[in-house]
Amino acid sequence: MIDVGIKHNRFIERSIMSALSFLKESIFADEYASRKGFLQARDPRIKILMILALLLAVLFAKSIPFISCIYALCLFLAFASSINIAYFLKRTWFFMPLFSLFIAVPALFSVFSPGETLISIKVFTLVLSITKQGLASAAIFFLRILTSVSLCVLLALTTKHYCLLRALRNFRVPQLFVMTLGMCYRYVYLFIALIQDTYTAIKSRVGYVSSSQKGRRIVAWNIASLWRRSYDLHNQVYQAMLSRGYSGEPRIMDDFYITFRDIACMGVSISILAGSLWQARFLN
Amino acid sequence: MHIPDGYLGPATCGVFYAVMLPIWVAASRIVKRTLKAKQVPLLGISAAFSFVIMMFNVPIPGGTTGHAVGSVLVAILLGPWAACLAVTVALVVQALLFGDGGITAIGANCFNMAFIEVFAGYCLYKLISAGSPVTSSRRVVAAGVAGYAALNIAALSAALMFGTQPILYKTASGQSLYCPYGLNVAIPAMLGEHLLIFGWVEAIITALVVKYLQKQDPSLLEAGKGATA
């Protein structure tokens with residue numbers, strides 16, 4: 001049974017909140033992908049290669065100024081693509097980079113990064129030293145993650161999902177995989193709507209959950225029901241596919257055009273990657 | 001357990017893409033061969049199901065919440081090869097379409113959650129539940145044990161990836177370039193929270209879902225038989 005008790009009911013709110021914020025983010029992302037901006041105008045195939053080249057450049061880079069320049073380029077690209085900078089910063093700084101910053105803090109100290117002492121802090125009888133190597137390690141770790149997350153978000157925000165899937169097909173990713181990706185994308189929304197409806201029904205009809213044990217049962221019951229509905233759904237989906245002319249091989253339209261600007265952008269990205277590989281090879 | 005870009009060095013990312021490539025090819029071939037035409041949408045729907053499991057917040061004693069990964073559950077429901085593809089698709093959708101998780105780390109993430117966790121969990125589940133009827137309580141225990149053990153094995157694999165980074169990538173002055181902590185920190189940190197908290201969440205949810213499906217519709221627990229080898 002479910003009894004009254006506000007304290008133990010957080011998992012319902014958290015699930016609804018995460019589902020809601022997911023939907024909100026997706027709506028924003030769709031709106032940005034439809035805008036007229038620099039990255040939105042790029043051919044999706046070139047854009048994927050560009051972002052991949054820049055991600056590799058960040059991954060290979062060994063110097064803080066080099067990664068900082070790529071991060072500045074990300075901010076410029078966000079601005080040129082009509083993305084609200086405050087929204088972009090919120091989306092890219094929150095969670096993963098901040099979490100990584102928190103993880104990187106112990107690496108500042110000599111316990112984990114022995115080396116040249118910069119500052120010593122005395123905590124009661126314990127003397128903690130921040131080392132030059134530790135500071136550099138933490139800074140490069142945080143900056144690399146921030147820039148990588150920014151690049152991934154730029155790609156996701158400025159590309160419509162079906163263009164991205166079509167581009168993957170152009171890269172010879174197997175059809176089964178691309179079709180599954182497309183279906184997954186669509187059904188995620190349906191399932192999220194189901195979670196919201198179910199939790200709203202629980203909350204409005206029976207009030208609050210009294211213990212974590214009962215809460216876990218509710219979650220498990222919901223997952224089991226979701227699977228049952230999913231399994232029933234696949235027959236209906238197959239019938240709908242047949243009625244739309246599916247004959248075992250999905251057809252994907254291809255109307256991408258590569259412009260001079262696309263080639264120029266690709267050239268710049270490859271040059272940055274080459275620069276990164278060069279400095280990774282020769283700088284130590 | 002989702003590894004973002006920047007935690008692993010380029011060679012590590014490359015190695016895990018290379019390791020996963022034949023696994024993805026084998027999974028695609030096996031699933032294509034064994035999946036009936038009308039079950040094709042099941043794969044997409046299962047990938048969405050796998051994605052959504054990670055959004056369910058599970059209450060943990062003490063007032064906080066965690067979430068399950070659900071790889072073992074999907075493996076029990078679909079069979080290991082289809083589950084490998086479904087979890088891979090869920091991870092790729094997260095990384096590519098929502099900018100959540102690393103693109104360069106997709107190979108490593110799929111190795112941990114779509115391969116290690118799926119196959120270790122499935123093998124354990126089959127081993128413990130061998131010969132038992134579909135409604136047997138042994139299957140519930142098997143699901144729980146498999147969920148707990150497989151998540152911890154996957155966490156150990158992620159910890160090994162993190163912990164080897166300072167050994168593989170270091171400048172001459174001793175500066176770490178990627179994940180800054182060695183095996184002595186990465187393994188206890190990753191295993192500690194998974195053995196004590198997340199493993200139990202995974203075990204309880206996997207076992208309870210199997211228990212509820214046994215009551216609701218036991219045939220669903222055998223759906224994987226028809227869909228995959």
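A residue is termed buried when its relative accessible area is under 20%, exposed when that area is over 50%, and partly exposed in between, computed with a 1.4 Å probe on protein chains only. The structure is a predicted model, in which local features need pLDDT of at least 70, side-chain atom pairs count only at pLDDT 80 or more, and totals for chains, interfaces and linings use all residues. Residues are numbered from 1 along each chain as its sequence is written, chains are lettered from A and ligands numbered from 1 in the order in which they are written, and side-chain values use heavy atoms, with hydrogens and water left out.

Asp43(A) is located in the loop between α1 and α2 of chain A, where helices (H or I, at least four residues) and strands (E, at least two) are DSSP runs numbered from the N terminus. Beyond its neighbours within four places in sequence, Asp43(A) has contacts (heavy atoms within 4.5 Å) with Phe256(A), Tyr257(A), Ile258(A) and Asp262(A). The side chain of Asp43(A) also reaches the backbone nitrogen of Tyr257(A) at 3.3 Å.

Over all chains, the whole structure holds 3 salt bridges, each defined as a side-chain nitrogen of Lys or Arg within 4 Å of a carboxyl oxygen of Asp or Glu. Asp43(A) takes part in a salt bridge with Arg45(A), with the closest N and O atoms 3.0 Å apart; Arg45(A) is buried at 19% relative accessibility. Another joins Asp262(A) to Arg42(A) at 2.5 Å, N to O. Because Asp262(A) lies in helix α10 (residues 260-282) and Arg42(A) in the loop between α1 and α2 of chain A, this pair ties together parts 220 residues apart in sequence. Asp262(A) is buried at 0% relative accessible area, and Arg42(A) is buried at 5%. A salt bridge also links Arg35(A) and Glu31(A), at 2.7 Å between the closest N and O atoms. Arg35(A) is partly exposed at 30%, as is Glu31(A) at 37%.

Between chain A and chain B, the count of salt bridges is 0. The contact involves 78 residues from chain A and 71 residues from chain B. About 7,100 Å² is buried between the two chains, 77% of it from carbon and sulfur atoms; buried area is the accessible area (1.4 Å probe) that two parts lose on being put together, summed over both. In chain A, Leu59(A), Arg216(A) and Trp227(A) lose the most area to chain B, together 11% of what that side buries.

Terms used: Polar contact = N/O pair within 3.5 Å; in protein donor to acceptor, adjacent residues only side chain to side chain.
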